[in-house]
Amino acid sequence: AAKAYNVMLKDEALPFEGIAEHLINIIDALAHMNIISKDADTFVSNTLGLFGISVSKELLDSVDYEHDLNNLYAIIETIETILIRSNFADHVELLDFVNNLDFSTILANEDLINNNNIDYIIDIIENIVDLSLLPVLYEPLYEKFVVLENMPEAFQGFLDLSEYSSDMLIEDLHSIINVLRSAVTFDALGIIRGNAINWNNIAAIENIFTEIFGLNYLDVKLDEIVEYVSASIFDLADLDVTAIDLEADGAKIALAYRILAESILTQNWFPIQFLSDMNKPTFYSEDIFNANVLHKALDALNEILTTTIVYEIVPVAYETLQNMVPDSLFFLVSNSLSKDELAEDLQSIVLVLREAIDAGAYNVLLGKGIEIEGIADHIANAIETLFNTNILGNDLPNLFSGLFGLIKIDIEKGVCIRKLIQALFYCIGICVI
């Protein structure tokens, strides 16, 4: 208190070292005064009422004041640590820094912005989230400070938290804390500053995917997200939001990342070791054009293609394509297909790509020749798989009629298309021989 007196009346600097202990002693002494501690619920309820925040004494029954005080003391001590580690000796230096703050260069300030300080800030957030008072104050604070009618109309849906409970909030805040800790573990700050990317730290990125896709807020607000995307980017009005399982999809995307990381990103030949490498004219390696590596990439793609997001969004995209395709090409998308049929076709495309890989088609991109031996089987399998897809194979006569129509050849739709395909396979075999 004496130090604060000197700051206010004698214009002296308030040193930060040791200030936490004094603040904690002051708060602890006040909190344990009989006038407060004997009926803490009434004191807190009345104090909040002075600020127009209504909280009944009954709601405050669940609050553990000693626990929350200890959390507050930990926060104060952590703030002191951050200030001292950032080379702020007193409040004058801090005010001078704030008054001359340049956001364009703040990231380069390694005394202030570093992984240790970020860890301390996360500790502060964690102590706030752990307050027993937080779930009690959530609704009253929301009602006091969030007036939807005063918010921009585009954001009202996102800010309407009537279906977003305090339990959901606390769970999401813990998830965000885990995301931040994973980003520190991955050294995201160091990478931005030019450090090498540690691709071997796979678990950190996996955790980021699973935690973000598992957020309750995204699940509760998925309708609003879809409406926003429909209004500004792509029409998703027919998307069945109720069938999307974001948490399950997050696990699949995390697995896809692990497959890519283990087979490609962590390899010595992978050329992106720094963020700046992405600016190079060619930032891929010829080593990626390898059958084993490409099959692994398809394994990762397959995980993504089997997510509920893709399962639900592909039919919407297909319907949009049907409305956009020129009349001359409509025969390619003329069939009405179910979600399951379209999902099967995605798997068929993956199989076709696998046949292309096994045939060595990627060698063309490297300017190399393709081994002739055995290629006929791969080409035949790929063509047969394509013609057996639901999008093409459900109406082969119409498909071939349309294809020949593009080159001005009219054929009867009753022609035996299967025999035509068999003849095509025979021709391929003859050509290879």
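This is a predicted model: local features need pLDDT of at least 70, side-chain atom pairs count only at pLDDT 80 or more; totals for chains, interfaces and linings use all residues.
At the start of H7, asparagine 114 places a side-chain oxygen within 3.2 Å of the backbone nitrogen of asparagine 116. The buried residues of the helix are Asn117, Ile122, Ile124, Asn127 and Val129. These buried residues pack against three helices, namely H5 (65-85), H8 (134-145) and H10 (166-185).

Helix H12 (residues 202-213) holds glutamate 211. Leaving out residues up to four places away in sequence, glutamate 211 touches Ser175, Asn178 and Val179.

Histidine 32 and glutamate 66 are 34 residues apart in sequence, with their C-alpha atoms 9.9 Å apart in space. Beyond four places in sequence, histidine 32 touches Ser37, Glu66 and Leu69.

Turning to the rings, the structure holds five aromatic pairs. One of them, between phenylalanine 158 and tyrosine 228, is edge-to-face, with 6.2 Å centre to centre and 75° between the planes. This pair links distant parts of the chain, 70 residues apart: phenylalanine 158 is in helix H9 (residues 153-159) and tyrosine 228 in helix H14 (residues 222-232). Phenylalanine 158 counts as buried because its relative accessibility is 18%, whereas tyrosine 228 is partly exposed at 46%. Tyrosine 164 and tyrosine 217 also form an edge-to-face pair, at 5.7 Å centre to centre and 85° between the planes. Tyrosine 164 lies in the loop between H9 and H10 and tyrosine 217 in helix H13 (residues 216-220), so this pair ties together parts 53 residues apart in sequence. Tyrosine 164 is buried, at 7% relative accessibility, while tyrosine 217 is partly exposed, at 25%.

Which charged side chains pair up? A search of the whole structure finds ten salt bridges. Among them, lysine 57 pairs with aspartate 39, the closest N and O atoms being 3.8 Å apart. Lysine 57 lies in the loop between helix H4 (40-50) and H5, and aspartate 39 in the loop between H3 and H4, so the pair ties together parts 18 residues apart in sequence. Both partners are partly exposed, lysine 57 at 39% and aspartate 39 at 35%. In another salt bridge, arginine 354 and aspartate 299 meet at 2.7 Å, N to O. Here arginine 354 is in helix H18 (residues 339-358) and aspartate 299 in helix H16 (residues 291-305), so parts 55 residues apart in sequence are tied together.

Glutamate 312 forms a salt bridge with lysine 339, with the closest N and O atoms 2.6 Å apart. The two are 27 residues apart, glutamate 312 in helix H17 (residues 308-324) and lysine 339 in helix H18. Glutamate 312 is buried, with a relative accessible area of 4%, whereas lysine 339 is partly exposed at 29%. Finally, salt bridges that share partners join Asp119, Asp123, Glu126 and Arg181 into one network.

How values were computed
Residues are numbered from 1 along each chain as its sequence is written. Side-chain values use heavy atoms; hydrogens and water are left out. Buried means under 20% relative accessible area, exposed over 50%, partly exposed in between (1.4 Å probe, protein chains only). Helices (H or I, at least four residues) and strands (E, at least two) are DSSP runs, numbered from the N terminus. Contact means heavy atoms within 4.5 Å. A polar contact is a pair of N or O atoms within 3.5 Å; within protein, one must be able to donate a hydrogen and the other to accept it, and residues adjacent in sequence count only if both atoms are side-chain atoms. Rings of Phe, Tyr and Trp (its six-membered ring) pair if their centres lie within 6.5 Å; planes under 30 degrees apart count as stacked, over 60 as edge-to-face and the rest as tilted. A salt bridge is a side-chain nitrogen of Lys or Arg within 4 Å of a carboxyl oxygen of Asp or Glu.
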